[in-house]
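Here is a short report on a protein complex.

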Amino acid sequence: MATHDVSSVFFSSISEIGAKLRAREFSAVELIRAYCDRLERLGPRYNALALSLREPAIRRAKDADYEIKLGRTRNPLLGIPFGAKDLLAVNGQITAWGARPYASQIFNYDATVIEKLNKAGAILIGKLAMVELAGGGGYRFASASMSGPGRNPWDRSKWSGGSSSGSAAAVSAGLVPFALGSETSGSILTPAAFCGVTGLRPTYGLVSRHGAMALSWTLDKIGPLARSAEDCALVLQAISGGDEEDPGSAGKAFYYNPKYARNPKDLVLGYAPVDFHEWADPAARAAFETALNVIKAHGYQLKEVEIPEFPYGALTSVIIAAEAASIFEDLIRSGKVDQLADHRQAAGLKAGIETPAVEYLRAMRVRGQVQAAFQKLFTEVNLLVTPARLSTAPNITDPLDGSGNAAQPARPKMRGLNGIIPAGNLAGLPAISVPCGFANNLPLGLSFIASPFHENQLIAAAKLFQSETDWHKRTPKIEDEEGRRA
Amino acid sequence: MVKFTIRNLEILFSPPGISYPPTRPGPRYNGRMPTTVSRRRAALLLAAPLAARAQAPAPNQAEGDADLEDARQQARNNYKAIQQVKLPMTVEPAVTFKA
């Protein structure tokens, strides 16, 4: 068979790649080989690759080619390569959770999401790097990973975000068309915003976590990072659904239904001007303002809102500390926790094991009130919109706990939606981050948040925004070790 | 199986749980000469030095204690912040036991 040039699709959407596969412009084997070459060659430049899975991927690509030959091409993910955060079990392969104490860990089964994507015909080509143990102990530096600090494809001296660092960087650099990440409190939305890709955090319980490293049973979610809201929808459709193996499963599935998207004029969009004008970093305000104006022009009924007042950061910290300490009790008590790369994270896990039961239960009781407050808020609005992160990616050497900041800027008087990342996670809300502009040559993200199980509404809003902007189509300048454009 | 040659880094960096010399059929391992390995094993070997490089120097006892004390103090601050929220006795934790 003649070899076809696949390089033109590295930054294409799932639908575009799928159409070329079905038109047999290239075979799935050619596609997978090209992506594997690229992932193996460029992944280490961004500390994004944990483990290449070239050989099993090529075997699966041959199966996909056979399906295409037979005309069985109804699944949009057939033959599409993807990467998975290294906290997801893949049968017979190393799953290190980004952490040295687990460097040789192998499971003999696939995580449910991997199994579902296999069934959909998608092809796993690599495990992607992550912050060790998804950062559960609270890390101080971006180097808190067995793979080294996640480097941002837009500027390698900047952080790619965490904890799904490799997943976001790999999509951003065109090393995979989509990737799976996970979020306990910000681990999808943050790297998506920093790397200029679209990231979707599903409603708690919509996607099975069976086979995923647990960090917090009551907060963990798995979701896609991709090139567009529509791509995220296609992936979410494949991975959602009930699973008896996951006690947190809601027993619900997501069906992507763009035809029935509601008219923006029938929806109330909540936002807080203070987020855009005062909370956002001064360098980012102009871009956020422009993005907000694009959204306003869609005709939504706009309503100024403020987040209910709760100590969201403290709540997530206490809940994660207690649950993670229970999950990693053996690691902590054995002393192997000291093998972690980030000493602050090791200390955080050790401190977590001392959490009094009454403090954890108090946090979980307040969490019920948080949930009720958001249920009330979502009787007044259909969606919320706010900057996903208030500034661009920090330097990879900057302390992430703020300990290096000489002076903190004055806090705005109004709360706005500041704190929506921990708040949304506490309440189990779905959210999506979409690229919305640049500041200092680095991408910014805007996030939409909806009430539980309203992912279609969320995706429709993000898709509408992406239909009128091209921020999600911008790509970083990718160079290999020798400085050649890749 | 695709095979290629790499330098034998395993002498310096053996990932936990990986034994050497390799047990798979192949050229005899002599501890110095280049050997042939599968891509999977190569990935393991290449990950090990990265892991080693990612390790910051071990903290001395005083630094470790200071980090732990910081983490404990942060936890106490969190408890205090949460204690400010008024909770009626009827509010149950946001976890449910199903019989």
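Predicted model: local features only at pLDDT ≥ 70, side-chain atom pairs only at ≥ 80, totals over all residues.

S8(A) is mostly covered: six of its six residues are buried.

Where does S8(A) sit in the strand order? The open sheet has eleven strands, and S8(A) stands between S6 and S7. Which strands form the edges? They are strand S1 (49-52) and strand S10 (301-304) of chain A, each of which pairs on one side only. From one strand to the next, the twist averages 30°.

At the S10 end, the pairing runs parallel. Strand S9 (residues 268-271) of chain A is joined to S10(A) by four bridges. Gly270(A) lies opposite Lys303(A) of S10(A).

## A helix on the sheet

Helix H7 (residues 229-239) of chain A packs on the sheet. Which strands does helix H7 of chain A touch? It touches strand S6 (178-183), strand S7 (198-201), strand S8 (221-226) and strand S12 (431-439) of chain A. The direction of H7 makes about 145° with that of S8(A).

## Chain A overall

Chain A holds 15 helices and 13 strands. Its radius of gyration is 21 Å, close to the 23 Å that the globule rule gives for 486 residues, so chain A is as compact as a globular protein of that length. Along the principal axes, its C-alpha atoms fill a box of roughly 65 × 60 × 45 Å.

Buried residues account for 62% of the 486 residues in chain A. Of its contacts between residues at least 6 apart in sequence, 77% join residues at least 24 apart. The chain exposes about 17,800 Å², and carbon and sulfur atoms supply 47% of that area.

## Chain B overall

Chain B has two helices and two strands. Read from the N terminus, the elements run β-β-α-α. Of the 99 residues in chain B, 27% are buried.

Contacts in chain B with a separation of 6 or more come 61% from residues 24 or more positions apart. Chain B exposes about 7,100 Å², of which carbon and sulfur atoms supply 57%.

## Confidence

For the complex, the predictor gives an ipTM of 0.92 and a pTM of 0.89. The mean pLDDT of chain B is 64, and 39% of its residues reach 70 or more.

Where in chain B is confidence lowest, and where is it highest? The lowest value falls in strand S1 (residues 3-6) of chain B, at a mean of 39. The highest falls in helix H2 (residues 61-83) of chain B, at 93. Over residues 1-36 of chain B, pLDDT stays under 50. For that stretch the model has 54 contacts beyond four places in sequence.

Key: Residues numbered from 1 in each chain as written. Chains lettered and ligands numbered in written order. Heavy atoms only, no water. Pairing = 2+ DSSP bridges. Axes fitted to C-alpha atoms, helices over the stretch in contact; angles between N-to-C directions. Contact = heavy atoms within 4.5 Å. Buried < 20%, exposed > 50% of the residue type's maximum accessible area, 1.4 Å probe, protein only. Areas by Shrake-Rupley, 256 points an atom, 1.4 Å probe, with all protein chains shown as cover. Rg over C-alpha atoms; globule rule 2.2 N^0.38 Å. pLDDT = per-residue confidence, 0-100.
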